[in-house]
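Work through the two exercises below with the sequence and the model at hand. Each task is followed by a solution in steps.

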Amino acid sequence: MFGTGRMQLARLGALLALWGMAFAALGQQVGGPETPLLRPIDEVLDEYVSQALDSNLALQRQELSVEQSLAALDEARGQYLPQASFESRFSRAEGGRTISLPLGNLLNPVYATLNELLVSQGRPPAFGSVDNAEFLFLREQEQQTGVRLVQPLYAPEITAGVRARKAQARSEEATLDTLARTLTRDVRTAYHNWLRARHGLAIVDASEVLLQENLRVTESLFTNGKITRDQVLRAQAELLEVQQQRVSAANLQEVARSYFNFLLNRPLESAIEEAAVRERPAALRPIAELQAQAQEQRSELRELQSAVEVAQAQVSLASARFKPIVALAVESGFQGEEYRFGTEDDYAVASLTFRWNIFNGNQDRARLSQARLAARSVDLQQEDVRNQISLEVEQAEGDLRTAITALGTARARQDAAREGYKIAARKRDAGVISQVEFLDARTTLTRAELNYTVTLFDLLTREADLQYVLGVPATMESP
């Protein structure tokens, strides 16, 4: 019986050695030299970010908004050019006003007097009577066919409108840049979360294999009367705890994979390439330098600057309503009662138009006041966002600095736990410590490994956050 117990302890020792090898291999992926089977994480992430920028639906919608704003700008610029139109009209009229000319009443008495004078001189009368003339104001039938050309000569509203559309287009482009940067940060963070969950699941799986064998050996020793039942219950409790952790870790990995694939606009169950992660030093620059870079690069500020230009253009547009509009209109064609295109039926008209709105119930003044208030509001918003960006940079830099310090602590904790585990393993082999003490060393190492994994990926996420708040373009690697 005693020999059987020793054989079971030997099997447990072999499993512990295999478990230690599994941790060593996992440590090479997380914190040690890169395995040649996996590509570096930066290389893998760059490809995934590129895929997201090409396929993300939200980004595609914003690109359409940019195209729409550019089309609106072309429309506004088109008002500078002459507008030509071909116009044809055919009309039939009945009734309407009648214009009467009393030619007979005016001329017949004169003609009668003249005729009497001629007769008195022995000459025949020479003037006949004239009827009164009547004609319709509207022709019964009329056509007019021609080309009309209108060229604005002075129209301040057009210039202000073009400025507003141009600023709006720049604002949409800045919004697109902001969305691309946000998507880049989200893709990197989602990939870090998936990889962290995957590494954590690997650690939990290794612990579960060990604890299953530990429970089997412990139950056998209890059956043979070598240990008390409390050690069996302890082994069961530890196994159940790890199994519960595995369920949570597996669910976390699936959720992280689904969200990552969602950002790339592909099936949620698509496989994700695992990358090699190694610990690397993170160099931090002075906070003032980082804040200056953010103030220069953040697309949100470019978006707000465009909003300021839009507001100023709206002020100019409201002011332009107080100014006159001068345009040249030229029209040429054919007109008459029938469709004839001879030289006696053609016509040409050139007009210089001048329009000046003198009073419209103070509506223009109200629009101007609204535009000025809107411009002031955007100015205040811009100043507020600048302060927010400086605060965001300070917080992101502080979080990254804290993560760097935490990673050093986690590394030291992991190294200490590994050394403690090695010492406990040698003591166990020599029969100096109990199995419970050895399992405590194993639990300490598992927690230290998990803590190091979480801390390492938290550091990578903090680096991505700092890139985002600095306004690093989506195509760039690092701040």
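Predicted model: local features only at pLDDT ≥ 70, side-chain atom pairs only at ≥ 80, totals over all residues.

**Exercise 1. Cavities**

Determine how many cavities of 30 Å³ or more there are, and describe the lining of the largest cavity.

Solution. 

1. Count the cavities: two reach 30 Å³ or more.
2. Take the volume of the largest cavity, which is about 80 Å³.
3. List its lining. It consists of 10 residues, and R181, T184, Q467, Y468 and V472 are the ones nearest the centre of the cavity.
4. Sort the lining residues by class: five are nonpolar, two polar and three charged.
5. Assign the lining to helices. At least two residues come from each of α5 (156–223) and α10 (435–470).
6. Find the main contributor: α5 gives the most to this lining, namely four residues.

**Exercise 2. The pair α5 and α8**

Are α5 and α8 roughly parallel or roughly antiparallel to each other?

Solution. 

1. Read off the geometry: α5 packs with helix α8 (residues 299–320) at an angle of about 165°, and the two axes lie 8 Å apart.
2. Compare the angle with the cut-off: angles over 145 degrees count as roughly antiparallel. The helices α5 and α8 are therefore roughly antiparallel to each other.

Technical notes:
Residues numbered from 1 in each chain as written. Heavy atoms only, no water. 1 Å grid on protein atoms, 1.4 Å probe; cavity = no way out; pocket = protein on both sides within 12 Å on 5 of 7 lines; lining within 4 Å. Points joined across faces, edges and corners; volume = space filled by probe spheres on them. Nonpolar A, V, L, I, M, F, W, Y, C, P; charged D, E, K, R; others polar. Axes fitted to C-alpha atoms, helices over the stretch in contact; angles between N-to-C directions. Parallel < 35°, antiparallel > 145°, perpendicular 65-115°, else oblique.
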